[in-house]
Structure formats: C-alpha cells, structure tokens
Amino acid sequence: MHLEHKAGDKLYIDFAGEKLHITDAQTGQKQGLEVFVAVLGCSQYTYCQAVYSQKKHDFLLALANALTYFAGVPQAIVPDNLKAAVTKSDRYEPDLY
C-alpha cells in the first residue's frame, strides 16, 4: 500500500525486534541492548541508536538524540505501541505518560 507523506509532517518511532548484545572485554559478561529507530515519513531518513532498556530515561535520551540528528522537530511524533510511554495498558484507553 502506498502512503503519501508531507515533508516534516511525521516522525515514526519504535524499538526494533530482537536485542543486540555487547560483551565486556574484561569480564566476558554479555549485556543486552535495545535498538531505538526513528524514521521521517516523507524522506525515509532514518536514525538508530542502541540503548540499555526501553525505560523512560533511555527512550527520552534516544528521542532527543534523534531530533538533534534530524536538526528539527516534526509536526507529530508517531509511536508504534511503545511500552516506554504506557503506564497502564488497556485496549480502549491506556494511561500514557
């Protein structure tokens, strides 16, 4: 399906599927990382960043970095079922931060 997007209209954000892992060189311990992705609708210009979790602090840091990277703010930021923004889930009226 083809969708028309206006320039600067929407920024789509989400965390990508499976976690990445980094390994501490000294201890050999693995640490899981979440991948934050932001895409401008019209140009498909993309920003990705690995963060330690999907918690509010990491989410807001990654979003701020994405907006800095794009050097601007869109008309709307569109999350896709974002766990970091929901305090209480509900099918019809979830509580959001």
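This is a predicted model: local features need pLDDT of at least 70, side-chain atom pairs count only at pLDDT 80 or more; totals for chains, interfaces and linings use all residues.

Trainee: Which residues in the largest nonpolar core touch the most other members?

Mentor: The general idea comes before the case: in soluble globular proteins, nonpolar side chains tend to be buried together. Here the largest nonpolar core has 15 residues, and those that touch the most other members are Leu 11, Ile 13, Phe 36, Ala 38, Phe 59, Leu 63 and Phe 70. Two or more residues of this core are given by each of β1, β3, β4 and α1, and the largest share, six residues, comes from α1.

Trainee: Let me take Ile 13 from that list. Where is Ile 13 found, and what does Ile 13 touch?

Mentor: Ile 13 is found in strand β1, which covers residues 10–15, and Ile 13 counts as buried because its relative accessibility is 5%. Leaving out residues up to four places away in sequence, Ile 13 touches several residues, among them Phe 36, Ala 38, Phe 59, Leu 63 and Ile 77. Sequence distance and spatial distance should be read side by side: Ile 13 and Val 37 are 24 residues apart in sequence, yet their C-alpha atoms are 5.7 Å apart in space. For the protein chain as a whole, among contacts between residues at least 6 apart in sequence, 42% join residues at least 24 apart.

Trainee: Is Leu 33 buried or exposed, and which residues is Leu 33 in contact with?

Mentor: Leu 33 is found in strand β3, and at 9% relative accessibility Leu 33 counts as buried. If we set aside neighbours within four places in sequence, Leu 33 is in contact with Lys 19, Leu 20, Ile 22, Ala 50, Val 51 and Tyr 52.

Trainee: What about residues with polar side chains, for instance Gln 49, and what does the side chain of Gln 49 make a polar contact with?

Mentor: Gln 49 lies in strand β4 and is buried, because its relative accessible area is 17%. The side chain of Gln 49 makes a polar contact with the side chain of Tyr 47, at 2.6 Å. Beyond its neighbours within four places in sequence, Gln 49 is in contact with residues including Glu 34, Phe 36, Leu 61 and Asn 65.

Ser 53 is another case to read in this way, and it is found in the loop between β4 (46–51) and α1 (56–70). Ser 53 counts as buried, since its relative accessibility is 17%. A polar atom of the side chain of Ser 53 lies 3.2 Å from the backbone nitrogen of Lys 55, and, not counting residues up to four places away in sequence, Ser 53 touches Phe 15, Glu 34 and Asp 58.

Trainee: Where are Gln 44 and Ala 71 found, and what is phi in Gln 44 and in Ala 71?

Mentor: Gln 44 is found in the loop between β3 and β4, and its phi is near 65°, a positive value in a residue other than glycine. At 48% relative accessibility, Gln 44 counts as partly exposed. Ala 71 sits in the loop between α1 and β5 (76–79), and Ala 71 has a positive phi of about 60° although it is not a glycine. With a relative accessible area of 70%, Ala 71 is exposed.

Trainee: How many positive and negative side chains does the protein chain have?

Mentor: There are 9 positive and 11 negative side chains, and the centres of the two sets lie 3 Å apart.

Conventions:
Residues are numbered from 1 along each chain as its sequence is written. Side-chain values use heavy atoms; hydrogens and water are left out. Helices (H or I, at least four residues) and strands (E, at least two) are DSSP runs, numbered from the N terminus. Buried means under 20% relative accessible area, exposed over 50%, partly exposed in between (1.4 Å probe, protein chains only). A polar contact is a pair of N or O atoms within 3.5 Å; within protein, one must be able to donate a hydrogen and the other to accept it, and residues adjacent in sequence count only if both atoms are side-chain atoms. Contact means heavy atoms within 4.5 Å. A nonpolar core is a set of buried Ala, Val, Leu, Ile, Met, Phe, Trp, Tyr and Cys residues joined through side-chain atoms within 4.5 Å. Lys and Arg count as positive and Asp and Glu as negative; His and the chain ends are not counted. The place of a charge is taken as NZ of Lys, CZ of Arg, CG of Asp or CD of Glu.
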